[in-house]
Amino acid sequence: MSTRTFVLVVTLLSAALAATVVGGYLIWTRTQEGTAALIGGPFELVDQSGRTVTDATLKGKWSLIYFGYTFCPDVCPTSLTVMTQALDQIGPVADKVVPVFITVDPERDTVEQLAGYHDHFHPSFVMLTGTPAQVKEVAKAYRVYYRKAETEASTDYLMDHSSITYLMDPNGNYVTHFGHDATPEGMAKTIREKVGG
Ligand code: NI
């Protein structure tokens, strides 16, 4: 290898390394700032016991957050059951995670309604409701879509809503999410990997 070739090779390698480092940093920065900015944020709601719960209340522990409504015939109960079973499968790690259910149907999901619904799922569940404006705000923060389905009946209606379970870290930052097809085993495995212990 001539000196000139050697210099060229070193230059190319340095350039490639620099590009990789800069590229990696940009992707990392974008992921850190982008997702943190996109999902989660301040909220104020009330739980199934009537206590005020804010984003600050949830800090210090991991949280597993799902938005739905108690009158949901199938999707919500299935998702909350998957969350319950996933927590049952991770043993003591579950102590580090708070499962949270936030209603998108504050008209019918009163504190009393949530208290009754709570009995069907994991005992550590925090079930939250609020005024329509408070619910709108938290749903917006978590990029959750919901809408009352068109119907004749005024009380027996369905809600269209996104079915995503978010895993947030103890600082309230987004970590990952699970779709409506998540299994208890898959969710348990991911929680173990992220939360550790
Ligand atoms: Ni539902």
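Begin by selecting His 161, which is buried at a relative accessible area of 15%, where buried means under 20% relative accessible area, exposed over 50% and partly exposed in between, with a 1.4 Å probe and protein chains only. The model is a predicted one, in which local features need pLDDT of at least 70 and side-chain atom pairs count only at pLDDT 80 or more, while totals for chains, interfaces and linings use all residues. Residues are numbered from 1 along each chain as its sequence is written, and side-chain values use heavy atoms, with hydrogens and water left out.

Next, select the nickel ion, which is coordinated at 2.1 to 2.3 Å by His 161 through NE2 and by Cys 72 and Cys 76 through their SG atoms; donors here are N, O and S atoms within 2.8 Å of the metal (3.2 Å for Na, K and Ca), and because water is not among the atoms, sites may look incomplete. Along the sequence, these donor residues follow the spacing C-x3-C-x84-H. Cys 76 belongs to helix 3 (residues 75-89) and His 161 to strand 7 (residues 159-161), so this pair ties together parts that are 85 residues apart in sequence.

The disulfide count is zero, a disulfide being a pair of cysteine sulfur atoms within 2.5 Å.

Finally, select the whole chain, of whose 197 residues 41% are buried.

How values were computed: Helix = DSSP H or I, 4+ residues; strand = E, 2+ residues; numbered from the N terminus.
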